[in-house]
Amino acid sequence: MSFPDYLFLFGGMGLATYLPRWLPLFYLAHRKLPNWLVDWLSLIPVAILCALLAPILFTEQSTRSLELGKPELLVAIPTLLFAVKTKSLGGTVLVGMGLYWLWGACL
Amino acid sequence: MDTDHITREKTLTDSHSWFRDGAKASWPICFGYIPIGLALGVLADQAGIPAWAVTMMSILVFAGSAQFICVAMLAAGASIWSIIFTTFVINLRHFLMSSAVAVHLSGLRRLFLSFFAYGITDESFAVNMTHFRKGNWDHLRAITVNQLANLAWVASTTCGALVGQFIPAGAFGTDYALTAMFLALLLFQLHNAVYLLTGLTALGIAVLWYLFIPGDSYIIGASISAATLGFFFKRYREKHK
């Protein structure tokens, strides 16, 4: 593909990505939101984080099948314990990486 | 600008440390983007996409999963319109994040909001919401997180396309960086039983949805269902106190 082809493709993808990122912020940030909506939206971060993590922790993504006991899940347990104890985001990332790496190196 | 916002801004900008705070909060994201960005660059290179096009894609799109799918679809010879449409569907989840973050950016200039929107990703959203919730956060710190993550993404995808094939995949557990970050952020979000129930519900629904329905609709589907259920649980608890 040539430069104009790529520009058209990535420009289109960029627009398709930008619009859902922009519309709610642009309109909602200047409105007084009803209490029920604020309450509902406050639960969205937890819900999205769990939805993103679920297939990583509990499924084999190449075959899209249930898989309990994969390294991602087993490493998550001590990683979470470390996060509970220290409340440190950066530390948790490093500990998680280290444990995952050790797991791979031991097998 | 509402008064709440002005007081919030006064206490925060007095310290003049918004850039440092933002940079400190964004490093786990930047760190996590490096292996993913390199991997994307390598795949793009193998699919015959030149490095300058990878840079252009990362700047214009700035959305990891959509960019991976784009490379795969280009390699498979898909049409431009089908790639754009797929991108739109995958990234619809940002609609929810943009709505949730709007609560914390009320009354800011529309130009700023329009620029902020560009940097809303799964990762920057989760980090910023955690800090907003703690109360020691403002729009400057938040956009610093967005834009440093953006910089790390553009740099690592470009590097991947240029020299990626010389770097061993998965070195030092970097593949797990973003998963560990999501785990920690999730833990910090569990303020009471309502959040815990919402999270567990989202996990359950997302696994089932992912197993039985092809595509990426499980993210939006599970998030909306679980947040709605959690919302009614919260109302129920308030009534029966």
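This is a predicted model: local features need pLDDT of at least 70, side-chain atom pairs count only at pLDDT 80 or more; totals for chains, interfaces and linings use all residues.
## Helix 4 of chain A

Helix 4 of chain A runs over residues 71–86. At 1.5 Å a residue, its 16 residues should span 22 Å; the end C-alpha atoms lie 23 Å apart, so the two values agree. The helix has a kink of about 25° at I77(A). Just after the helix, K87(A) has a positive phi of about 60°.

Buried residues of helix 4 are E72(A), V75(A), A76(A), T79(A), F82(A) and A83(A). Their cover includes helix 3 (44–58) and helix 5 (89–106) of chain A. Helix 10 (177–189) of chain B is also part of that cover.

## The side of chain A that touches chain B

In chain A, 60 residues are in contact with 77 residues of chain B. Two or more residues each come from helix 1 (3–28), helix 2 (35–42), helix 3, strand 2 (65–66), helix 4 and helix 5 of chain A. Helix 1 gives the most, with 18 residues. By class, this side of chain A has 44 nonpolar, 12 polar and four charged residues.

## Helix 3 of chain A against helix 10 of chain B

These two helices pack at an angle of about 145°, and their axes are 10 Å apart. Their crossing is left-handed.

Helix 3 of chain A contributes P45(A), V46(A), L49(A), C50(A), L52(A), L53(A) and I56(A) to the contact. Helix 10 of chain B contributes T179(B), F182(B), L183(B), L185(B), L186(B) and Q189(B). The contact has 11 nonpolar residues, two polar ones and no charged ones.

Terms used:
Residues are numbered from 1 along each chain as its sequence is written. Chains are lettered from A and ligands numbered from 1 in the order in which they are written. Helices (H or I, at least four residues) and strands (E, at least two) are DSSP runs, numbered from the N terminus. The expected span of a helix is 1.5 Å times one less than its number of residues. The bend at a residue is the angle between axes fitted to the seven residues ending there and the seven starting there. A residue is buried if 20 or more other C-beta atoms lie within 10 Å of its own, exposed if 12 or fewer, and partly exposed in between; C-beta atoms are placed from the backbone. Two residues are in contact if their C-beta atoms, placed from the backbone, lie within 7 Å. Ala, Val, Leu, Ile, Met, Phe, Trp, Tyr, Cys and Pro count as nonpolar, Asp, Glu, Lys and Arg as charged, and the others, Gly among them, as polar. Axes are lines fitted to C-alpha atoms, for helices over the stretch in contact, and angles run from 0 to 180 degrees between N-to-C directions. A crossing is left-handed if the near helix is turned anticlockwise from the far one by less than a right angle, and right-handed if clockwise.
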